[in-house]
Amino acid sequence: MAFDESGHDEPTLDELQLDALGELFNLGVGRAANSLSLIVKDEVELSAPSISFAYPSQITQALLDSEFKELSMVAMDFSGPFEARAVLLFPERNALAILSHMLDPNMPPEELSEFEQEAMCEIGNIILNACMSALADEFGVEFMGSLPEHHFSDTESLPLFGGDQKEVLLILQIHLSIRQERINGHLLFLLSVSSLHALLTCVDSYLTRLGIR
Amino acid sequence: MDRAANAQLMDQLQTGVVLLDDRGCLLSWNAWMTRHSGIAPEDVAGRPIEDVFVEMKHSRLLNCIQQALRFRLSSVLTPGLNPSVLPLYQKPGDRELDQRMQQLVYVTPTCSDPYACLIQIQDMTATVRRERRLRAQSSQLIATTYRDSLTGVGNRRRFDQDLSERFREARSRQIHIALLMIDVDDFKAFNDRFGHQKGDEALIMVASALQEGLRQEGDCISRYGGEEFALTLLGADQEAASTVAERLRLRVEGLRLLHPTSRTARHVTVSIGISAVVPSMELPPQTLVSQADLALYSAKDRGRNRCMCFDHTVTEVRACV
């Protein structure tokens, strides 16, 4: 991995590492889709079609530039071989679309009340736990996961992403399909540089175990 | 603090506390749990939790417990997504009525041997009830905000929202959306002849005739302004929309509301302009309004009491039927 701690170079992973991570996260979101399907009693599909890395300051800028100013975020902290703050992020409008499918199709499309924030927390909890348990399973490691917290944020204040140049964000695009509607969001993992290295060590030993490396 | 003091403190909590060992077997629960489940912990201690509450098998709660034990991951189960997970009752009488407590459940791993998993349960019944009441009130307020106070059908705000939502849906699903603009013929002459009070009464009757002429639930006539009404139809192509339009036109004619000063007939009639499209990414919703308007003017020009369509193949107006 080429990674310049002081500069702004993109942290890069080799193709094998990226593929492995992409596959593991898709395994995770696949499990989450099963759990969500059980709740809605209808088919929910989830996929994570792309994976990339960025610095917190870049993501703050990207969100500032995007058309969505109101965001719904569910954050959980994980600690184990590496420490990560995981954030599931949907534009608030998309979060409402998910919730209206999950809770009540006739829900007025106004704003997230406390009731809906709680439900959003649970949905984030399901998706994030599924991803982390997939990683734990495949890496043969253990994580400690905190309870989820729901945050609203306009893009002008994104306190969850720190802003420390020494931290890196792993970004997964998330597609959620439910009753013919496709809803997009992002899953972000905020990792310190040493945690990123630890994650990659896990990926490498996983690849070695599979005989790929 | 010793164990007895701990247990005493736990019993004073107004929250359910359940402790499991690393195999998911019940170690103990507090007095709150005994009170609301009707089961004493000593009667069930040592048994797997899913044997105590048999309905937990294949449930998300059991899944969460396994995640806590196996991966040390925490979970939350909210009343919105998991109505009344456990058979817990606020009052003993609720059990007979099968009225379960609404619950918010936290499942967290613990590492103070022999405890491996902590389940906390909060009674959300009052909160959920309040939430429902507030929602019902707010829906009622919203309904008032979107209703035309004279005729009782949707108002302009309702129309604007219907159009933008349905237009967006038609665009994303690539299906038809049709717009009908409906105008009462020679309504000014009606007002001049009978006065505004009779005019209002006529508008009310026309509005209900139009609204009652709709089959699909969710379709809503809105008063666009003055004596003009509008209707969006999702999934209706030009032919389907024309059929609806013709039915509505006949319904109003069938009211037989006398209109001696009309240039069209002896009764109150309407003219209807229709436009239907499968919206492309570039097409703004306003275009649909201008096209339906154009069709409406042309219906007026051709003698009123008729439906005209905007023909997209030649971008001009033609008769519907």
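Modeller: I will start with the largest cavity, which is lined by A:Phe25, A:Phe82, A:Ala84, A:Leu135, A:Leu170, A:Phe189, A:Leu191 and A:Leu199. The model is a predicted one, and what follows should be read with that in mind. By class, this lining has 8 nonpolar residues, with no polar and no charged residues. The space inside the cavity comes to about 40 Å³. Counting cavities of 30 Å³ or more gives 1. Rolling a probe the size of a water molecule over the atoms shows where empty space is left.

Chain A has 5 helices and 8 strands, and along the sequence they follow the pattern α-β-β-α-β-β-α-α-β-β-β-β-α. Chain A has 213 residues, and 53% of them count as buried.

A:Leu135 belongs to the cavity lining, and α4 of chain A covers residues 114–139. That helix has 26 residues and reaches 37 Å from its first C-alpha to its last, close to the 38 Å expected at 1.5 Å a residue. Because 21 of the 26 residues of α4(A) are buried, the helix is largely enclosed by the rest of the structure. Just after α4(A) comes A:Gly140, with a positive phi of about 65 degrees.

The other helix is α1 of chain A. A:Phe25 is part of the cavity lining, and α1 of chain A spans residues 15–40. The 26 residues of α1(A) should span 38 Å at 1.5 Å a residue; the end C-alpha atoms are 36 Å apart, which agrees. At the start of α1(A), a side-chain oxygen of A:Asp14 comes to within 3.1 Å of the backbone nitrogen of A:Leu16. As background, an α-helix has 3.6 residues a turn, so residues three or four places apart point the same way.

Phi of A:Lys41 is near 55 degrees, a positive value in a residue other than glycine. The relative accessibility of A:Lys41 is 72%, so this residue counts as exposed; the cut-off is over 50%.

A:Lys41 leads out to an open space. The second largest pocket holds about 690 Å³. It is lined by 30 residues, and the closest to its centre are A:Lys41, B:Gly80, B:Leu81, B:Asn82 and B:Pro83. The elements that give two or more residues to this lining are α1 of chain A together with α5 (60–71) and α7 (125–145) of chain B. The largest share, 4 residues, comes from α7(B). By class, the lining of the second largest pocket has 13 nonpolar, 8 polar and 9 charged residues.

The peptide bond from B:Asp113 to B:Pro114 is cis, with omega near 10 degrees. B:Pro114 sits in the loop between β4 (103–112) and β5 (115–123) of chain B.

Past α7 of chain B, B:Gly152 lies in the loop that runs between α7 and α8 (156–173). B:Gly152 is partly exposed, with a relative accessible area of 42%. The C-alpha atoms of B:Gly152 and B:Ile221 are separated by 9.7 Å, although these residues are 69 residues apart along the chain.

Two arginines of chain B can be set side by side. B:Arg256 is in the loop between α11 (238–254) and β9 (270–277), where its phi is near 55 degrees, a positive value in a residue other than glycine. B:Arg256 is exposed, with a relative accessible area of 53%. B:Arg304, in the loop between α12 (285–301) and β10 (307–311), counts as buried at 13% relative accessibility. The side chain of B:Arg304 makes a polar contact of 2.9 Å with the side chain of B:Thr264.

Notes
Residues numbered from 1 in each chain as written. Chains lettered and ligands numbered in written order. Predicted model: local features only at pLDDT ≥ 70, side-chain atom pairs only at ≥ 80, totals over all residues. Heavy atoms only, no water. 1 Å grid on protein atoms, 1.4 Å probe; cavity = no way out; pocket = protein on both sides within 12 Å on 5 of 7 lines; lining within 4 Å. Points joined across faces, edges and corners; volume = space filled by probe spheres on them. Nonpolar A, V, L, I, M, F, W, Y, C, P; charged D, E, K, R; others polar. Expected span 1.5 Å × (residues − 1). Polar contact = N/O pair within 3.5 Å; in protein donor to acceptor, adjacent residues only side chain to side chain. Buried < 20%, exposed > 50% of the residue type's maximum accessible area, 1.4 Å probe, protein only.
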